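User: Hi! I'm new to this one, could you walk me through it?
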Amino acid sequence: MATKEKETNKELEVGEIVSKSEQFIENNSKKIIYGIVALAIIIGAVLGIKHGYMEPQEKKAAAAMFKGELYFDRDSFALALNGNGADYEGFEAIIDQYGNTDAGNLAKAYAGICYYNMGEPEKALDLLKSFKGKDNMVSPAITGKIGDCYVEMGNTQEGISYFEKAAKEADNDVVSPIYLKKAGLAYESLQQYDKAVQAYTTIKDKYYTSMEASDIDKYITRASANMNK
């Protein structure tokens, strides 16, 4: 009976790990990615001056993505990914045709999130790992989403490594605490309570102005109590 209850609690904890990332992607990444898309178009235009081939490719890719972004924003992930059979081909087709452009690179991030939300973390993983970025908002969010894929696939320890990597990549009060908290929850699900306390304490000490810090003491207390049993 105790074993069954422990398994149930572990399932609930892992479910919380995943849902936290889904909430972050829902509330933040769409708006962030839209901003990066605009930046990508500008970068692509600059490259196009030097390379006559790239400028028209960037413009075509950005134009092709527009409707997909609208579908994505409405949570119509299958349509965003595969197209509507009429005037929009889908993120997968954009990747195939314009994968070497900045907009095509962003399509990989969109497509990966679509697959994840459609319950296909393995396909999501491949696409998310192929995304290349260096900013401190979108890139860490994608890194964290890779962590979610691993958790969903049953490899929580590997997921933790990506949560911690995401927090380090971001190194800001908005993104880092989210993934440190997710790492803490994941550590708790593995009964590695000392590491959970460490993750939570980092939020309290380093990111004390963040939303996650406002109630982090209760997580520290819980993990500490379990550690001392």
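Analyst: Happy to; we'll go through the core, the aromatic rings and the salt bridges.

User: What should I know before we start?

Analyst: This is a predicted model, where local features need pLDDT of at least 70 and side-chain atom pairs count only at pLDDT 80 or more, while totals for chains, interfaces and linings use all residues. Residues are numbered from 1 along each chain as its sequence is written, and side-chain values use heavy atoms, with hydrogens and water left out.

User: Great. Which residues touch the most other members of the largest nonpolar core?

Analyst: Met65, Phe72, Phe91, Ile94, Cys114, Leu128 and Ile142 do, in a core of 33 residues. A nonpolar core is a set of buried Ala, Val, Leu, Ile, Met, Phe, Trp, Tyr and Cys residues joined through side-chain atoms within 4.5 Å. Buried means under 20% relative accessible area, exposed over 50%, and partly exposed in between (1.4 Å probe, protein chains only).

User: And which helix gives the largest share of this core?

Analyst: That's α5, with 10 residues. Helices here are DSSP runs (H or I, at least four residues), numbered from the N terminus.

User: Switching topic: how many aromatic pairs are there?

Analyst: The count comes to eight. Rings of Phe, Tyr and Trp (its six-membered ring) pair if their centres lie within 6.5 Å; planes under 30 degrees apart are stacked, over 60 edge-to-face, and the rest tilted. The Tyr71 and Tyr88 rings have centres 5.8 Å apart and planes at 45°, so that pair is tilted.

User: Where do Tyr71 and Tyr88 lie?

Analyst: Tyr71 lies in helix α2 and Tyr88 in the loop between α3 and α4, so the pair ties together parts 17 residues apart in sequence. Tyr71 is buried at 13% relative accessible area, and Tyr88 is buried at 3%.

User: Nice. What about salt bridges, how many does the structure hold?

Analyst: Eight, each being a side-chain nitrogen of Lys or Arg within 4 Å of a carboxyl oxygen of Asp or Glu. One of them joins Arg222 and Glu188, with the closest N and O atoms 2.7 Å apart. Arg222 is in helix α11 and Glu188 in helix α9, 34 residues apart.

User: Is Glu188 buried or exposed?

Analyst: Glu188 is buried, at 2% relative accessible area, while Arg222 counts as partly exposed at 36%.

User: Which residues are linked in a network of salt bridges?

Analyst: Lys181, Asp215 and Lys218 are. Asp215 meets Lys181 at 3.9 Å, N to O, and Lys218 at 3.7 Å.

Terms used:
Helix = DSSP H or I, 4+ residues; strand = E, 2+ residues; numbered from the N terminus.
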